[in-house]
Amino acid sequence: MYNMSTSDNCKDGASKSNNDDVCDINDMLQNMSVDDSDKAMCANCGKEGANNTCNKCNQVKYCNAVCKKVHKKKHKKECEEHVRLAAKKHNEELRIAAELHDEKLFEQPPPEYGDCPICFLRMPTLITGSRYQACCGKMICSGCFYAPVYDNQGNEIDSQKCAFCRTPTPTSDEESIRRLMKRVEAGDPEAIDTNDPFAIYNSGSYYRDGLHGFPRDYTKALELWHRAAELGIARAYVNIGVAHYNGRGVEVDKEKATHYYEVAAIGGCVNARRYLGNMEKNRGNMERALKHFMIAVRGGDTNSLKEIKELYSNGHATKEDYTKALQLYQEYLGEIKTDQRDKAAAAEEECRYY
C-alpha cells in the first residue's frame, strides 16, 4: 500500500532516520554500479556498442555471448555481491513500508460519523443511534430525532417534521425513496461534490438487497458504494470488501477485501476494525488482533469488547488489557450519553444507541 523510494545517493543531503540501512545499502550499490560513460563498453574486451547485459546483476555489458562467458569468472564475485545487496535493499524497503503501514493502520481514527449537526455531540456508533434525513441529507442523533420540534414562538409542533430542516416527514416508503433518489441524481449545493454521500450509499444497499423496488444488481451497488466511499463514507469500503471476499459483482479476491477493510478501518469504521481483528485472531496473531479490538472498543464497538474478554479468558490478553478496554468503552459512553438520547431509547427500541 505504501510506496518506498530512496534517492540515488543518500549522502547527498538526504535525511536518514528509520531507513538508514536502505541508504547505506544504496550507497554501496552505487559504488559498485558502472558509470554511464562505460555502460556501452564491453566489460571484457572494452569495445564500444556493447548491448549484451549480465542477466543476474544487470550492471555490466558485453559485446557478445563469448565475452560474457570469458568474463564470467572474473565478474562472478562482484555480481553475486550486487545481487545480494539489491535483495537486502528490497527487503529493507518492504520492512519499512510495512512499519509505516502499521503505524497508519493502528492509529486511533476520528469518529466515523462525527457530531450531530443539531446538538453537536458525538454521534453514536450503533446504527440505531442516528437517522438519515433524505429531505436535507443530514445524519442526526436518535435524541434529536425523537425530541419535539418547536416553531419560532416556542410552541411544540404537532405534525412530524425534520428536526434539522423542518420538512414534513414522508408519509410513505415511496415518498422516502423519491426523496432519496432526488438527492442521488440531482445536484445539491450543501452536499459534498454536489451529491449526497449517504443517499448514494443507501441506494447501493437497496440495489444489493433488491429493496424498495430496486432490482438486485451487485454491479450497480458497487458503483454507488465506490462513489460514496470517495465522498467520505468509510463503511462503504466495508461493503466493497465483502463483495470482493464473497465474489458478488466481482471476482473473489480476499487480498483486495482486506485492503478495503483496512481503508474503512482507517476511516473510523468499527465494523471493519472488528473484521480485521477476527482475521488476525484466526491467523493466530493475537497481539495484532488485540490492537484492532482495542481501537474498535474506543470507537464504541461492544462486540470487540466481548472479543477482548474472550482473549482474556483464553490467556491471550492480560487483566490489564481487559481493564483498559472497559475504560476505553466508558470514555466512549461519556461522549455520547445524554438525557435526551436516553429518553428516546426508553421510548423506542429503534432509538437505542449503545
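The following legends describe close-up views of a predicted model. Local features require pLDDT of at least 70 and side-chain atom pairs pLDDT 80 or more, whereas totals for chains, interfaces and linings use all residues. Numbering starts from 1 along each chain as its sequence is written, and side-chain values use heavy atoms, without hydrogens and water.

**View A. Packing of helices α7 and α8.** Helix α7 (residues 234-246) packs on helix α8 (residues 254-266) at an angle of about 170 degrees, and the axes lie 8 Å apart. The two helices are therefore roughly antiparallel (an angle over 145 degrees). In the contact (heavy atoms within 4.5 Å), residues of α7 including Tyr 237, Ile 240 and Tyr 245 meet residues of α8, among them Lys 254, Tyr 260 and Val 263.

View B. Strands β3 (residues 130-133) and β4 (residues 138-141) pair in the antiparallel sense over four bridges (pairing requires at least two DSSP bridges). Gln 133 has Lys 138 in β4 as its bridge partner. Four residues lie between the strands, and Gly 137 takes a positive phi near 75 degrees.

**View C. The largest pocket.** This pocket (an open set of points on a 1 Å grid where a 1.4 Å probe fits, with protein on both sides within 12 Å along at least five of seven lines) holds about 1300 Å³ of space. It is lined by 46 residues (an atom within 4 Å of a point), and those closest to its centre are Arg 131, Tyr 132, Gln 133, Phe 145 and Ser 176. Helix α5 gives the most to the lining, with six residues.

Notes: Axes are lines fitted to C-alpha atoms, for helices over the stretch in contact, and angles run from 0 to 180 degrees between N-to-C directions. Angles under 35 degrees count as roughly parallel, over 145 as roughly antiparallel, 65 to 115 as roughly perpendicular and the rest as oblique. Grid points are joined across faces, edges and corners, and a volume is the space filled by probe spheres set on the points.
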